[in-house]
Amino acid sequence: MAEPSWAELTQECLTNIFSRLTIEQRWRGPMLVCKLWLRAATDSSLFSHFDLEPRFDSTPTESPAWWSPQFEAKIDSMLRSAVQWSLGSLSLIRIRHCSDSSLQLVAQGCPNLEVLSIKSCANVTDRSMAKIALGCQKLQEVDISYCHEISNVSLSLIGKHCPNIKTLKRNFFNTLDPSQQKGIVPDSYLNACPQDVDSEAVAIAKFMPNLEHLQLCFSKLSAKALTLICKGCPNLKYLDLFGCVNLTSRDIVNATSNLENLEIRKPNFYIPRSVFHTERYGHWRLYDERFQTDIFRI
């Protein structure tokens, strides 16, 4: 008796098989075979999650190509397709280097979104985040690390319209040791790092009272701003302050004294005296730069 061929499998069977593949495998394989396979590989049941973070994390260092308009266009195209194929079922999005263009579609088509991670998005602004706040009110986790065009305005709106927010990640680049990003992240973008982080702290304290997990690595947060956050977010369980050199141990103890069972990752960042007293800053290296960059191709 002859074994059944792949051509005889129903769309339901194919979709079940393709569910065992990663997003990248589906994109590069089944979607390119034939119309039946394309329909099966784009079934809405496969797009409740759209997570590219494992692929980004699989490379030892970032690639300069990721910051190009061409790469951003690819990510935008993938995200738009995922939103359309999900038919409103997307609950998790983890990507990098998208823009306002695709996020506006997310705001329109993802009412059930609970997790949104958009790290390192140079062209995501308050304009699209305002729409996200209005269109994705079930959000519980937001990661806007390294997004310099997002301000306290977005944080205020998200806090106002998304009352279930439990996790916020607002990390910044390590400006104390720029060698980590040198030659990868455009200098113009690094130099545009937000300076008024205390106004963001005010927004967090005022509009995110249910926050439990907060990351502010390498923020220029002041002691006063930290105190506001700790008073406004009484349910905090984890607070990441690594690299926050404006904060002393006493500042942290005083600000967090009212919070029980709080796990804190303290600044603990060594800054050589030469950074402040000589011009040798440009030659300071704490990290191994032997890795070769590899281009993330989609």
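Helix H10 (residues 197-207) contributes 4 residues, the largest share, to the lining of the largest cavity; helices here are DSSP runs (H or I) of at least four residues and strands are runs (E) of at least two, numbered from the N terminus. The model is a predicted one, in which local features need pLDDT of at least 70, side-chain atom pairs count only at pLDDT 80 or more, and totals for chains, interfaces and linings use all residues. Residues are numbered from 1 along each chain as its sequence is written, and side-chain values use heavy atoms, with hydrogens and water left out.

Rolling a probe the size of a water molecule over the atoms shows where empty space is left. A cavity is a set of points, on a 1 Å grid over the protein atoms alone, where a 1.4 Å probe fits but cannot get out, and its lining residues have an atom within 4 Å of a point. The whole structure holds 1 cavity of 30 Å³ or more, and the space in the largest cavity is about 40 Å³, a volume being the space filled by probe spheres set on the points, which are joined across faces, edges and corners. Among the residues that line the largest cavity are Phe172, Glu200, Ser219 and Ile229.

In H12, Ile252, Ala255 and Thr256 are buried, that is, under 20% relative accessible area, whereas exposed means over 50% and partly exposed lies in between (1.4 Å probe, protein chains only). These residues lie on the same side of H12 because they cover an arc of only 85° around the axis, taken from the directions from the helix axis to the C-beta atoms. The face turned away from that buried side carries the exposed residues Arg250 and Asn254. Helix H11 (223-232), strand S7 (238-240) and S8 are among the elements that cover the buried residues of H12, by contact of heavy atoms within 4.5 Å.

Most residues other than glycine have a negative phi.

With a disulfide taken as a pair of cysteine sulfur atoms within 2.5 Å, the count is 0. Cys98 is in no disulfide, the nearest cysteine sulfur, that of Cys121, being 3.6 Å away.

How values were computed:
1 Å grid on protein atoms, 1.4 Å probe; cavity = no way out; pocket = protein on both sides within 12 Å on 5 of 7 lines; lining within 4 Å.
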